[in-house]
Amino acid sequence: MRVQKVRFFSRNVRQMYLDAFPPAERMPFPVMVAMSKLWNTDFLEFYDGDTLCGFVYLAHNRKLVFIMFLAVDETLRSKGYGSTILHEIQSRYSDKKIIVSIEPCNAAASDLALRTRRKAFYNRNGYQDTGYRMRLSGVEQEILICNGNFDKREFRLFFVLYSNGTVWPKIWRRETENHNKWQMKNK
């Protein structure tokens, strides 16, 4: 697979991004490209020959990588491209914890089958359930991790530093006595 940085004129990546993520979860595409010029952000597109397969947008520091957006072209899903992208990320950042957030697999979700397949995809690729959720920009997400154990304070600090104090995600752990109920814990 060929990997290159996403640029402002990457129309196919932009369209794939708009198709893959609902408006409430998106960042402005030009902001993402601009942020990827910083040392701690990567916005990469993946090609099989001349065919655009997918992209990843992630942020990192000395200890953590947070995959904010990962998508594979809808016509190429279930062909191993997503796993190849994750393996490339794990290869580039083998010494860091890699975190991804996904929509929770709530029984009441109208797209539960899709959410369940997404979680199974990450589980097959070495990501483990942390038992934590977060609310970021009003959207609830389930947190998965690869290459280590999840530390709530470490992850919150990552966001605060990455955003220069403008993003303070709410992060909470599932109560052990009732796995179907999630509650906020103040730590």
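The following questions and answers concern a predicted model.

Student: Which strands stand at the edges of the open sheet, each with a single partner strand?
Tutor: The sheet has eight strands in the order β1-β2-β3-β4-β5-β7-β6-β8, with mixed pairing. A strand with a single partner has one side left without a neighbour in the sheet, and so the edge strands are β1 (2–5) and β8 (170–173).

Student: What does the twist average from one strand to the next?
Tutor: The sheet in question is the open one of eight strands with mixed pairing. From one strand to the next, its twist averages 30°.

Student: What is the bridge partner of V56 in β4?
Tutor: Strand β3 covers residues 51–60 and strand β4 covers residues 64–72. The two pair in the antiparallel sense, over seven bridges. In β4, the residue bridged to V56 is L70.

Student: At about what angle does helix α3 run to β4?
Tutor: Helix α3 spans residues 81–92. It lies across β1, β2 (41–48), β3, β4, β5 (97–102) and β7 (139–146). Relative to β4, helix α3 runs at about 160°.

Student: Helix α4 lies across which strands?
Tutor: Helix α4 is made up of residues 112–124 and runs at about 170° to β5. The strands it lies across are β4, β5, β6 (128–136) and β7.

Student: How many disulfides does the count come to?
Tutor: A disulfide needs two cysteine sulfur atoms within 2.5 Å. For C105, the closest cysteine sulfur is that of C146, at 18 Å, which is too far for a bond. Seen from C146, the closest is C105, again at 18 Å and too far. The count comes to zero.

Student: Is C146 buried or exposed?
Tutor: The cut-off for buried is under 20% relative accessible area. C105, at 27%, is partly exposed. C146 has 7% relative accessibility, so C146 counts as buried.

Student: Where is S78, and what is its phi near?
Tutor: Most residues other than glycine have a negative phi. S78 is not a glycine, yet its phi is positive. S78 is exposed, with a relative accessible area of 81%. Its place is in the loop between β4 and α3, and its phi is near 70°.

Student: What is the phi of N147?
Tutor: N147 lies in the loop between β7 and α5 (152–162). At 39% relative accessibility, N147 counts as partly exposed. Although N147 is not a glycine, its phi is positive, at about 75°.

Note on methods. Residues numbered from 1 in each chain as written. Predicted model: local features only at pLDDT ≥ 70, side-chain atom pairs only at ≥ 80, totals over all residues. Heavy atoms only, no water. Pairing = 2+ DSSP bridges. Helix = DSSP H or I, 4+ residues; strand = E, 2+ residues; numbered from the N terminus. Axes fitted to C-alpha atoms, helices over the stretch in contact; angles between N-to-C directions. Contact = heavy atoms within 4.5 Å. Buried < 20%, exposed > 50% of the residue type's maximum accessible area, 1.4 Å probe, protein only.
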